[in-house]
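User: I have a model to read, and I would like to learn feature by feature. Please give me the general idea each time, then the case here.

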Amino acid sequence: GTFAAASWVEAMLLQYGAGLPMGYGRVNASDLYHLLEINVYYRSINDRPLSVEQRGGSNLAAHMLTDLAGAGASMYVGHDTNLDEVAVLLDLAWESVAPYPPNTTTPGSLLRLHRAADNTVTADFLYTTFDTDAGALTVAPVTFAGSAASVKLADLQEQAATRILPGCVLQSASGRAVEEIPRRGVLERPL
């Protein structure tokens, strides 16, 4: 029941993003935002348990933390499931994503982590509401464990080390992730 409802709601979100009528023309944007609570609920019980996300997300989260500690910028492209994985493993939340329910992962959304010179890490969640075709993104704050707005990199690494499964972290000769994650089929290619 919940899987079917969540899948249907997600299909309507994709229809909305593509500019198509939602739910055979019977659903408007306001209805969709309300119905997305079903999708977020389903994902929270099916996709966000720690034991699920450890297996699928340890590789991505470990390499993100490694890159965050280094110089330069890295970009990872993925899916809503990847955002869920990173959120669970790094204990992140995005509560203020109006008009969506908290922790919604919409098409085209992204998570941005930034390390300042003092090794403080902040994060933002960027998303669109599809109200226009301009592609504008709204920036929402992301909180870390305990609703903190920022965290020291060393503390984030220490906390994540208790959640990341080392056996699920793939390495190449250079120490960078370039292999496919078997569970999700996501290919990571750092820039």
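User: Which residue just after α1 takes a positive phi?

Analyst: Gly-19 does, with a phi of about 75°. Helices here are DSSP runs of H or I of at least four residues, and strands are runs of E of at least two, numbered from the N terminus. This is a predicted model: local features need pLDDT of at least 70, side-chain atom pairs count only at pLDDT 80 or more, and totals for chains, interfaces and linings use all residues. Residues are numbered from 1 along each chain as its sequence is written, and side-chain values use heavy atoms, with hydrogens and water left out.

User: What span should helix α1 have?

Analyst: The expected span is 1.5 Å times one less than the number of residues. Helix α1 (residues 2–17) has 16 residues and should span 22 Å; its end C-alpha atoms are 22 Å apart, which agrees.

User: Which residues of α1 are buried?

Analyst: Buried means under 20% relative accessible area, exposed over 50%, and partly exposed in between (1.4 Å probe, protein chains only). In α1 the buried residues are Ala-6, Val-9, Met-12, Leu-13 and Tyr-16. They lie on the same side of α1, because they cover an arc of only 120° around the axis. That arc is taken from the directions from the helix axis to the C-beta atoms. The general idea: an α-helix has 3.6 residues a turn, so residues three or four places apart point the same way.

User: What do the buried residues of α1 pack against?

Analyst: They pack against α2 (29–46). Contact means heavy atoms within 4.5 Å.

User: How do I read the largest nonpolar core?

Analyst: In soluble globular proteins, nonpolar side chains tend to be buried together. A nonpolar core is a set of buried Ala, Val, Leu, Ile, Met, Phe, Trp, Tyr and Cys residues joined through side-chain atoms within 4.5 Å. The largest one here has 40 residues; Leu-32, Leu-90, Leu-92, Trp-94, Tyr-100, Leu-111 and Leu-156 touch the most other members. At least two residues of this core come from each of α1, α2, α3 (50–69), α4, β1 (110–115), β2 (120–127) and α5 (153–161). The largest share, 6 residues, is from α3.

User: Which residues does Leu-156 touch?

Analyst: Leaving out residues up to four places away in sequence, Leu-156 touches Leu-65, Leu-68, Leu-90, Val-121, Phe-144 and Val-151.

User: How many salt bridges does the structure hold?

Analyst: A salt bridge is a side-chain nitrogen of Lys or Arg within 4 Å of a carboxyl oxygen of Asp or Glu. The structure holds 6. One of them joins Asp-47 and Arg-43 at 3.3 Å, N to O. Asp-47 counts as buried at 10% relative accessibility, and Arg-43 counts as buried at 8%. Arg-43 also forms a salt bridge with Asp-80, with the closest N and O atoms 3.5 Å apart. That pair links distant parts of the chain: Arg-43 is in helix α2 and Asp-80 in helix α4, 37 residues apart.

User: How far apart are the closest N and O atoms of Arg-112 and Asp-124?

Analyst: They are 3.0 Å apart, in a salt bridge. Arg-112 lies in strand β1 and Asp-124 in strand β2, so the pair ties together parts that are 12 residues apart in sequence. Arg-112 is partly exposed at 38% relative accessibility; Asp-124 is partly exposed at 22%. Elsewhere, salt bridges that share partners join Arg-43, Asp-47, Arg-48, Asp-80 and Asp-84 into one network.
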